[in-house]
Amino acid sequence: MPVPIRPNPPAPAGAGSRSHPLGVTLREDGQGADVAVFAGHADAVDVCVLRPDGSEQRTRLPDVDHGVWHGHVPGLVAGSRYGLRVHGRWDPERGLRHNPAKLLLDPYARGVEGEVALTPEVFGHTVDETLRGDLAVADPRDSAPHVPRGVVLPPLPAPLRVSPGERPEVPWSDTVVYEAHVRGLTRLHPDVPAQERGTYAALAHPAVVEHLRSLGVTTLELLPVHASTSETALRQRGLVNYWGYNTLAFNAPHPGYATAAARAAGPDAVRDEFRRAVQGLHEAGIEVLLDVVYNHSCEEGPDGPHLSLRGLDDATYYLRDAGGRPFDVTGCGNSLDFTERRVVQFALDSLRHWVTEYGVDGFRFDLMTTLARGRDGFSPDHPFLVALGTDPVLAGTKLVAEPWDVGPFGWRTGQFPEPLHEWNDRYRDGVRRFWLTDAREIALGHSAPVAAGRGLRELATRFAGSADTFDVQRGRLTSVNFITAHDGFTLGDLVAHDRKHNDANGEGNRDGSDSDTSWNHGVEGETDDPQVLELRRRAIRNLLATLVLSTGVPMLTAGDEFGRSQGGNNNPYCQDNEVSWMAWDLQDWQQDLLGDVRELLALRRRYPVLREAGVRRGSPVRDQRQDLLWFAEDGRQMTVEDWHQADRRILQVLVDGRGRGQDSVLVVVNGGPRLQDVTLPTVEGIGTFVPRWSSTPDRRRRATAAGRAVRLAPWSVRVLATP
């Protein structure tokens, strides 16, 4: 039986404004809500208030301006569950996917309840029990019992809203980023109460805060917390999307990361739990960045489910090529179309919401090239990028680009404008090559690599801030340096595996990168060989020392500080289990490694020159000195010829603080297989160097005079400083 549609009543007094904020706006008099929905090709839009008995109150939005349908909906109040039904043409080849049988989630919903069922009803086109079908035929079955619905949340009291002065506001020069998953970080933490493990509430637990602060972390970057769902193919294999890069609701926190008590209480409690976690981290001086996915949605390819954007306006929201065919530049089945101003508006509105309602301090943008694609491809002057840099709410937050996607000419590292900082994949690959794959070739007796820019030259370039990649005028801190991230091997696996082991993902080991620039040090996977274990652990220390001491902003992946392993799985996006969760019962060697990382980050804090080295601010360095001075193993300055000797593996770099009245730091690298005597450089004003850290067990703290030799173990890093 058709559900009757309530005619829209006259708007309450005072509702004559031409401004129609998208989403639901509760009226202060308690008389329902004003609703605005963008559906630029629709014939009509119904707002459906869902009653507890399963029935609906449908109200048709009476007015449309520039594709925005709007009107007053009585009975839509705080706590209401609701959805949208959209009427119009069904012509998928033209991007017209209107099907009023399907209940759609409001893209601006701030609370979400329910999950996507794996049933034919959630598809807009007719499919069979295998979920395959004919796009040309619209499915008439009601999807309401099988899809999530939006929940209207009450506005936050004014005192709970976050003002800029309440944020830690850590300078970029002091920033140390720690990338973590909400569930994985604490799911196995023994000091967190069982009912809070793996939840928002655990993020600000004293045990977690203490770990982050003692480590030296200033900024916690969370993998996606937007409400998400799992892909059809994953669910058919009995797996889930653990990482969360499959967004369902861009303005609501994922309910699955809340405590059971908050989930039972409803979306308002879920919102409050996440807000309190952010507040608790702020009180500890720790910033919160969100990894956000505006490049695609969970609706997959053209034959995917019909949940929200697809049913509202497929032709506007999703990218198409010049022939009108869906064009995927993300590898996820669909791509949002940032040539459309409504898509740009949607992303900006969402970002502001997370800043003003939850107090987050910034964002890391997944596959950000997609967000900067205009009609002629990537543009650093794209309206979205211009808006980020000028928006009064967003411009003062930390903004980090993943500067690539999988579309044509998608690799754009170094090409994003201020104020964006960028993940530096050239740093990752160059440092890994020096310490792992090139080292493996040398250890096997092969010739040192002779490719242009490789070896010491590449290591030095990355250490100095990647001036070959980033415009000097942006400052060297533009580079967010990392060795590992959530995708790819962990640091522990990077030194223990030459190849991936992803069979548990159910894709025949075809998923994940085949080029992880790793080295197993002679044995694949687990071993009890003490020599192999010592080499692996030293390699971890070398990589971490390079990361922490390099010019730029260092980013650690959660668990790398104590050598966490995923069993060689370099793509555990679907492993919501012990493969991905951090184990906190550390062995002795892991405790030692954790202590080393704490020492390294303490050195970075102690010596300001490490945090500013190589940054140019438009004025020459005093006395024409360079910030970084490079020396060979015999203590003389490196020459052009030295840099081009392919077999050279020893380097000293003086991070020079003399021109600023600061202490200097000397980093000595032995990237070769032999014990080596290295003569410390002689420079004006520096008479001795004091050892501060070493990647080998030799922890002697005896000062050494400039011009004297120190002995370096094979494959090692030593850090010294002026007294």
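Buried means under 20% relative accessible area, exposed means over 50%, and partly exposed lies in between, computed with a 1.4 Å probe on protein chains only. The model is predicted, so that local features need pLDDT of at least 70 and side-chain atom pairs count only at pLDDT 80 or more, while totals for chains, interfaces and linings use all residues. Residues are numbered from 1 along each chain as its sequence is written, and side-chain values use heavy atoms, with hydrogens and water left out.

**Exercise 1. Helix 14**

Compare the span of helix 14 with its expected span, and find what covers its buried residues.

Step 1. Helices (H or I, at least four residues) and strands (E, at least two) are DSSP runs numbered from the N terminus.

Step 2. The expected span is 1.5 Å times one less than the number of residues; helix 14, with 19 residues (588–606), reaches 27 Å from its first C-alpha to its last, close to the 27 Å expected.

Step 3. The buried residues of helix 14 include Gln-590, Leu-594, Val-597 and Leu-601, and among the elements covering the buried residues are helix 3 (206–215), helix 13 (530–549) and strand 31 (688–694).

**Exercise 2. Helix 3 against helix 14**

Describe how helix 3 and helix 14 pack, and classify the residues in their contact.

Step 1. Axes are lines fitted to C-alpha atoms, for helices over the stretch in contact, with angles from 0 to 180 degrees between N-to-C directions; here the angle is about 55 degrees and the axes are 8 Å apart.

Step 2. Angles under 35 degrees count as roughly parallel, over 145 as roughly antiparallel, 65 to 115 as roughly perpendicular and the rest as oblique, and helix 3 and helix 14 are therefore oblique to each other.

Step 3. The contact (heavy atoms within 4.5 Å) involves His-211, Ser-214 and Leu-215 of helix 3, together with Leu-594, Val-597, Arg-598, Leu-601 and Arg-605 of helix 14.

Step 4. Counting Ala, Val, Leu, Ile, Met, Phe, Trp, Tyr, Cys and Pro as nonpolar, Asp, Glu, Lys and Arg as charged, and the others, Gly among them, as polar, this contact has four nonpolar, two polar and two charged residues.
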